[in-house]
Amino acid sequence: MPRYDFRCRSCGATFELRRTMAQANDPAVCPQGHEDTVKLLSAVAVTGGASAGAAQQAPSGGGGGCCGGGCCG
């Protein structure tokens, strides 16, 4: 189940709730009982299979289709 971060505008507390995606935007109450909260944007860390020194690059060359693939005229 996804976790969502919230911050209370009344007391400044930051807290986390586990809830379904369907409930992601439902109002949340802070642990102190305040109802004036806002959902925070979460940073998502994505790790890849490349080594630490290697940069991943998009393949070069024609994109195909009507914009460079040579199929239209």
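1. Strands (E, at least two residues) and helices (H or I, at least four) are taken here as DSSP runs, numbered from the N terminus. Aspartate 5 is found in strand E1 by that definition. The model is a predicted one, in which local features need pLDDT of at least 70 and side-chain atom pairs count only at pLDDT 80 or more, while totals for chains, interfaces and linings use all residues. Residues are numbered from 1 along each chain as its sequence is written, and side-chain values use heavy atoms, with hydrogens and water left out.

2. Overall content. The protein chain has 3 strands and 0 helices, and along the sequence the pattern reads β-β-β. Its accessible surface (Shrake-Rupley method, 1.4 Å probe; for residues, only the protein chains shown count as cover) comes to about 5900 Å², with 50% of this belonging to carbon and sulfur atoms. Of the 73 residues in the protein chain, 12% are buried. Buried means under 20% relative accessible area, exposed over 50%, and partly exposed in between, with a 1.4 Å probe and protein chains only.

3. The sheet. The 3 strands form an open sheet in the order E2-E1-E3, with antiparallel pairing; two strands count as paired if DSSP finds at least two bridges between them. Strand E2 (14-18) and strand E3 (37-39) are the edge strands, each pairing on one side only. On average, neighbouring strands of this sheet are turned by 35° against each other, direction ignored. The axes behind this angle are lines fitted to C-alpha atoms (for helices, over the stretch in contact), and angles run from 0 to 180 degrees between N-to-C directions. Strands of a sheet pair through backbone hydrogen bonds, either parallel or antiparallel.

4. Strand pairing in detail. E1 and E2 pair in the antiparallel sense over 5 bridges. Within this pairing, tyrosine 4 stands opposite leucine 17 in E2, and the bridge partner of phenylalanine 6 in E2 is phenylalanine 15. E1 and E3 also run antiparallel and are joined by 3 bridges; here cysteine 8 has threonine 37 in E3 as its bridge partner.

5. The E1-E2 hairpin. The two strands form a hairpin with 5 residues between them, and glycine 12 in the turn has a positive phi of about 85°. Cysteine 11 is found in the loop between E1 and E2. With a relative accessible area of 37%, cysteine 11 is partly exposed. Leaving aside neighbours within four places in sequence, cysteine 11 is in contact (heavy atoms within 4.5 Å) with Cys30, Gln32 and His34. The C-alpha atoms of cysteine 11 and glutamine 32 are 8.1 Å apart in space, for 21 residues apart in sequence.

6. Aspartate 5 counts as partly exposed because its relative accessibility is 26%. Apart from neighbours within four places in sequence, aspartate 5 is in contact with Phe15, Glu16, Val38, Lys39, Leu40 and Ser42. Aspartate 5 and leucine 41 are 36 residues apart in sequence, with 7.4 Å between their C-alpha atoms.

7. The core. The largest nonpolar core has 7 residues: Tyr4, Phe6, Cys8, Phe15, Ala24, Ala28 and Cys30. Strand E1 (residues 3-8) gives the most to this core, with 3 residues. A nonpolar core is a set of buried Ala, Val, Leu, Ile, Met, Phe, Trp, Tyr and Cys residues joined through side-chain atoms within 4.5 Å.

8. Phenylalanine 6. Both phenylalanine 6 and phenylalanine 15 are buried. A search of the whole structure finds 1 aromatic pair. Phenylalanine 6 and phenylalanine 15 form this stacked pair, at 5.6 Å centre to centre and 15° between the planes. Rings of Phe, Tyr and Trp (its six-membered ring) pair if their centres lie within 6.5 Å; planes under 30 degrees apart count as stacked, over 60 as edge-to-face and the rest as tilted. Not counting residues up to four places away in sequence, phenylalanine 6 touches a number of residues, including Ala13, Leu17, Ala24, Ala28, Val38 and Leu40.
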